[in-house]
Amino acid sequence: MAIDYAEKIPNNINIANDKTLQRALEHWQPSFLNWWQEMGPSDFQASDVYLRTAVSVDSDGWAQYGAVKMPDYRWGIFLADQVPERTIGFGDAMGQPVWHQVPGEYRSTLRRLIVTQGDTEPASVEQQRMLGHTCPSLYDLRNLFQINVEEGRHLWAMVYLLHAYFGRDGREEAEELLARHSGDPDKPRILSTFNEPITDWLSLYCFTYFTDRDGKYQLKSLAESSFDPLSRSCRFMLTEEAHHMFVGETGIGRVIKRTLEVMKGLGTDDPAAIRRAGAIDLQLLQKYINFWCSSSLDLFGNEISSNSAASFANGLKGRPDESTYTDHVLRDSTMKLLTPEGEQDVPMLNALNEVMRESYLKDCEIGMRRWNRAIERAGHEFRLTLPSIRFRRSIGTWAGLPVDPKGNLIAKDEYERRKDEWAPSEADRAFVKSLMQKVTGPGKMAGWIAPPERGINNLAVDYEYVHLN
Ligand code: BYC
Ligand code: FE
Ligand code: FE
């Protein structure tokens, strides 16, 4: 079904047919816009930004591009098309028809999953709100704002589900989603990564590479859900997500490209010399990767989790790409898990957070290989690596333990002594911050990052992607 833009809230689900729901959402809309003004991108609200807006949910030609002032962005509710006669694809009720309403016994668990997902979306906008002031180019500034408006729309996607299917508590949760704030000491966001500040663009690229990719995996697992409206919402969100990870992968790739140019020009790989030349040495990039990758690994929850077992068995949350597995019930299988106490056999159902975490790490490898090829082609021995799944963890059996990036448990004092080799130190952060100077001439680029290979939607790289008003 096409998206109706004549409505106050654009949507492809005919909310005009349900006046109560429409009223409730129209009541929430001004709170959202208020939140956007107060907690969304600082300044730039009057600028014309070359943004894409969803116009249908078909895979080809779903978006339209044009200059928009961010507060006029048409945030709406778009669900992927219903799959006729869809049946439950995993768990104990495998093969039965999917649910079009929330089963009473799963109400609170489903609400918790939707609230947790919903909470991350505005959190990321809050985390990134100051970045516009230090953008490396108009191209990057536009990409930041594209991601921000879409994360705002992802919030709408979850708020729709809360309003449409969870009655009064759903409406209360929707209010709370605007009341918690990233890093707020009294009312923080739910998951730890979303309370980390993102005050420099290297962190933004790492966040969009690693943390938006956690989003991809969580959304894929919720897209398998037997609760059909959740599945359809998440399927369409995934379409938008690809660009967020693209910004991360190409952003880090461009940082590396620039660093390699500087190394070639100077004829040295000495990090201090590279820094003096205003570029980011690969060792420093590695620390940022270690930081954001390990933080994102925590987002999958505990290795051994009765929540994950129940969510899977009951059909609420599947594995990403569930149809690629053969066993969809998992009552008889186990998984070997390495814990600090040694190897343990864990019922597979309880180990699903770890299964997801491992498939996520495999996906993270793909970009790493591409970056390393560029380093290799330039004739350098250095290779970027992903930190061990056990490094710097705050959740799960390895939480708080002194583990090095290779995964070895080491002495606490050695860890303390060496942790600045593995994650950004204050001095590293201060250096990165010193590079962050706003560059806004069309086609101009900050000195620490190479220009992109191509522009957005076939436009030139030097197109004026943001017209500053
Ligand atoms: N921080 O059984 P356990 C995205 C809690 S990113 C704080 O191990 P479970 C995006 C947990 O809630 C995708 N608390 O975990 C990216 C539980 O509390 P209760 C976000 C944590 O339930 C970029 C207790 O510890 N989406 O979209 O199996 C930009 C024991 O939990 C954490 C989702 O996460 C943590 N890291 O799984 C914008 C999907 N980890 O219930 C957007 C929805 C665990 O005992 N959420 N806890 O009070 C879920 O599927 C699950 O809630 C979790 C945890 C994966 C988070
Ligand atoms: Fe999102
Ligand atoms: Fe995203």
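Angles under 35 degrees count as roughly parallel, over 145 as roughly antiparallel, 65 to 115 as roughly perpendicular and the rest as oblique. This is a predicted model, where local features need pLDDT of at least 70, side-chain atom pairs count only at pLDDT 80 or more, and totals for chains, interfaces and linings use all residues. Residues are numbered from 1 along each chain as its sequence is written, while chains are lettered from A and ligands numbered from 1 in the order in which they are written.

**View 1. Helices H6 and H10 side by side.** H6 (residues 228-266) packs on H10 (residues 352-377) at about 15 degrees, axes 10 Å apart (helices are DSSP runs of H or I, at least four residues, numbered from the N terminus; axes are lines fitted to C-alpha atoms over the stretch in contact, with angles from 0 to 180 degrees between N-to-C directions). The two are therefore roughly parallel. From H6, Glu 249, Ile 252, Gly 253, Ile 256, Lys 257 and Leu 260 meet Gly 367, Arg 370, Trp 371, Ala 374 and Ile 375 of H10 (contact puts C-beta atoms, placed from the backbone, within 7 Å).

**View 2. Helix H3 meets helix H4.** Here the axes of H3 (residues 138-165) and H4 (residues 167-179) come within 7 Å and cross at roughly 155 degrees. That makes H3 roughly antiparallel to H4.

**View 3. Around ligand 1.** Of 24 residues around ligand 1, Gly 215, Gly 301, Asn 302, Ser 305 and Asn 307 come nearest (C-beta atom, placed from the backbone, within 6 Å). H2 gives the most to this shell, with 6 residues.

Note on methods. Two residues are in contact if their C-beta atoms, placed from the backbone, lie within 7 Å.
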